[in-house]
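Please look over the sequence and the structure before going on to the points below.

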Amino acid sequence: MCFVTTFILMGIPHAPELDIVLFVIFLVIYVFTLVGNLLILLVIRVDSYLRTPMYYFLANLSFIDMWFSSVTVPKILMSLLSPDGGAISFGSCVAQLYFFHGLGSTECFLYTVMSYDRYLAITHPLHYVTMMSGKTCALLTGSTWLSGLVHSAVQTILTFRLPYCGPNQIQHYFCDAPPILKLACADTSVNEMVIFVNIGVVASGCFFLIFLSYMSIVHAILKIHTAKGRQKAFQTCASHCIVVLCFFGPCVFIYLRPGSKGAVDGIVAVFYTVLTPVLNPLVYTLRNKEVKTALLKLKNRGAFAQNK
């Protein structure tokens with residue numbers, strides 16, 4: 001029996017004449033993702049006013065988003081440039097699946113931690129500094145990374161323990177479990193159940209905890225007496241909510257609905273694999289006065305250095 005050594009990623013469904021247009025669009029988005037998230041990391045690193053738990057978690061989110069995007073977008077660009085760009089070796093496919101789910105799961109858990117951080121900041125402002133100490137932040141962040149990587153390892157091992165001996169065309173633009181399992185030469189019912197529990201339920205559980213946190217936050221915000229105080233609290237949370245919805249909505253759609261339609265899943269997956277990482281710097285800079293002030297100080301510092 002011959003086993004597959006190379007898979008072919010079929011890419012995003014589109015007309016061939018749109019190759020160049022899509023290449024330019026994805027390249028621009030990818031560059032903005034890298035530059036935007038690097039800028040956030042730099043600003044948080046150099047501005048002492050941003051060394052708070054909220055920005056500590058935001059820095060981790062920016063770091064994850066850079067790599068999360070890098071796991072899939074370069075392969076999309078290669079497949080749009082060359083007819084053979086969709087080919088990916090078996091080992092590379094395993095690595096892509098592992099890092100995609102590892103980073104994605106870590107981001108999922110991190111969003112939950114960030115909502116808990118906002119909950120404590122707004123509902124327990126007097127005790128917030130002691131409750132979210134540097135040690136606590138490091139422990140929470142380390143737990144998200146460990147949980148995400150273990151979660152991904154389980155998914156990857158279960159997916160690639162199956163034999164793949166037939167067709168090698170993956171109806172997707174990256175190696176994801178549902179389209180890969182369709183190519184297996186064995187029963188995949190156990191794997192499909194694990195996907196439902198290991199991915200879908202985890203994502204839904206995190207989203208439910210985030211929802212509870214924000215319900216408590218809204219309740220607390222409505223008790224704030226000053227309009228300015230309420231507005232500041234709402235603005236702080238609104239940025240997080242926008243990114244959370246763009247990330248969790250497509251995940252739940254893909255992994256929790258019965259059946260998998262390759263073309264539909266591929267298009268929906270673009271939202272959380274390509275658009276969410278670029279939304280992070282856009283939302284957190286355009287809607288955040290503290291970050292905009294820090295960026296302006298960084299720009300002025302650079303201009304001052306050039307004039308010396």
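What percentage of the residues in the protein is buried? Buried residues account for 45% of the 308 residues. The model discussed here is a predicted one.

**Overall architecture**
- The protein contains 10 helices and 3 strands.
- Along the sequence, these elements follow the pattern β-α-α-β-α-α-α-β-α-α-α-α-α.
- Of the contacts between residues at least 6 apart in sequence, 79% join residues at least 24 apart.

**Surface**
- The protein exposes about 15,500 Å², and 72% of this area is supplied by carbon and sulfur atoms.
- A nonpolar patch on the surface is formed by F207, F208, L209, F211, L212, M215, V218, L222, F234 and L245, which together have about 930 Å² of accessible area.
- Two or more residues of this patch come from each of α7 and α8 (227–256).
- Helix α7 gives the largest share of the nonpolar patch, with 7 residues.
- One member of the patch, L212, lies in helix α7.
- L212 counts as partly exposed because its relative accessibility is 39%, a value between the limits of 20% and 50%.

- T188 is located in the loop between α6 (177–181) and α7 (189–221).
- T188 has a relative accessibility of 11% and therefore counts as buried, the cut-off being under 20%.
- Leaving aside residues up to four places away in sequence, T188 touches L162 and L181.

Terms used:
Residues numbered from 1 in each chain as written. Predicted model: local features only at pLDDT ≥ 70, side-chain atom pairs only at ≥ 80, totals over all residues. Heavy atoms only, no water. Helix = DSSP H or I, 4+ residues; strand = E, 2+ residues; numbered from the N terminus. Buried < 20%, exposed > 50% of the residue type's maximum accessible area, 1.4 Å probe, protein only. Contact = heavy atoms within 4.5 Å. Patch = residues over 30% accessible without salt bridge, like charges linked within 9 Å, V, L, I, M, F, W, Y side chains within 5 Å. Areas by Shrake-Rupley, 256 points an atom, 1.4 Å probe, with all protein chains shown as cover. Salt bridge = Lys/Arg side-chain N within 4 Å of Asp/Glu carboxyl O.
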